[in-house]
Amino acid sequence: MIRKNQPQDTEVVLNIWLAASIKAHDFISSEFWLSQLENMRRLYLPASEVYVYEQDGDVVGFYALNGSVLAAIFVDPAHQGRGIGKALLQHARAQRKALSLTVYKANQASCAFYLKHGFSIEGEQQDPHTGHPELLMTTSD
């Protein structure tokens with residue numbers, strides 16, 4: 001079930017974000033992700049429209065929209081590969097006529113996921129926080 005984020009979901013969402021970020025971005029030190037935890041808690045999540053994927057009473061994934069930007073989509077590593085990311089992405093696409101996102105170019109699995117689900121690469125830029133190249137991807141319905 002996908003539902004709007006509630007205040008009591010915050011710690012679980014942050015834990016999912018941290019674990020999935022470290023796993024998906026092994027080319028960036030885990031210390032960087034740990035250093036961003038408070039920014040996620042105090043800045044990014046409150047500024048976004050967040051939806052969670054709940055399974056058997058547990059939150060196992062989430063996505064965050066900031067306007068028409070898909071700012072985050074993460075699934076607990078223990079639950080990856082079960083269609084949860086696809087369901088979250090479909091739900092996000094139903095919320096907006098068009099979406100854009102950035103994804104690290106080195107994160108080949110995520111790049112392939114977005115391409116498979118209708119996104120196209122519109123450009124490339126350097127992430128100002130890490131210096132790593134990232135792709136700008138967009139889609140429209």
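1. Glu124 and Lys105 form a salt bridge whose closest N and O atoms are 3.1 Å apart, a salt bridge being a side-chain nitrogen of Lys or Arg within 4 Å of a carboxyl oxygen of Asp or Glu. Glu124 lies in strand S6 (residues 120–126) and Lys105 in the loop between strand S5 (98–104) and helix H5 (108–116), so the pair ties together parts that are 19 residues apart in sequence. Helices (H or I, at least four residues) and strands (E, at least two) are DSSP runs, numbered from the N terminus. Glu124, at 49% relative accessibility, counts as partly exposed, and Lys105 is also partly exposed, at 41%; buried means under 20% relative accessible area, exposed over 50%, and partly exposed in between (1.4 Å probe, protein chains only).

2. On the basis of the values: this is a predicted model, in which local features need pLDDT of at least 70 and side-chain atom pairs count only at pLDDT 80 or more, while totals for chains, interfaces and linings use all residues. Residues are numbered from 1 along each chain as its sequence is written, and side-chain values use heavy atoms, with hydrogens and water left out.

3. A search of the whole structure finds 7 salt bridges. Arg41 takes part in one with Glu11, where the closest N and O atoms are 2.3 Å apart; this pair links distant parts of the chain, with Arg41 in helix H3 (residues 37–44) and Glu11 in helix H1, 30 residues apart. Arg41 also forms a salt bridge with Glu38, at 3.0 Å between the closest N and O atoms, and these two residues both lie in helix H3, 3 residues apart, about one turn of the helix. Arg41 is partly exposed at 24% relative accessibility, as are Glu11 at 45% and Glu38 at 34%.

4. The aromatic pairs come to 8, where rings of Phe, Tyr and Trp (its six-membered ring) pair if their centres lie within 6.5 Å, and planes under 30 degrees apart count as stacked, over 60 as edge-to-face and the rest as tilted. Trp17 and Trp33 form an edge-to-face pair, 5.9 Å centre to centre with 75° between the planes; Trp17 belongs to helix H1 (residues 10–24) and Trp33 to helix H2 (residues 30–35), 16 residues apart. Trp17 is buried at 5% relative accessibility, and Trp33 is buried at 6%. The rings of Phe32 and Trp33 have centres 4.9 Å apart and planes at 75°, so this pair too is edge-to-face. Ring pairs link Trp17, Phe27, Phe32, Trp33 and Tyr104 into a cluster.

5. The largest pocket has a volume of about 1,300 Å³ and is lined by 46 residues, of which His25, Ala71, Ala72, Ile73 and Phe74 lie nearest its centre. On a 1 Å grid over the protein atoms alone, a pocket is an open set of points where a 1.4 Å probe fits, with protein on both sides within 12 Å along at least five of seven lines, and lining residues have an atom within 4 Å of a point. Grid points are joined across faces, edges and corners, and a volume is the space filled by probe spheres set on the points. Strand S4 (residues 69–75) gives the largest share of the lining, 7 residues.

6. Phe74 lies in strand S4 and is buried, at 15% relative accessibility. Leaving aside neighbours within four places in sequence, Phe74 is in contact (heavy atoms within 4.5 Å) with residues including Trp17, His25 and Leu88.
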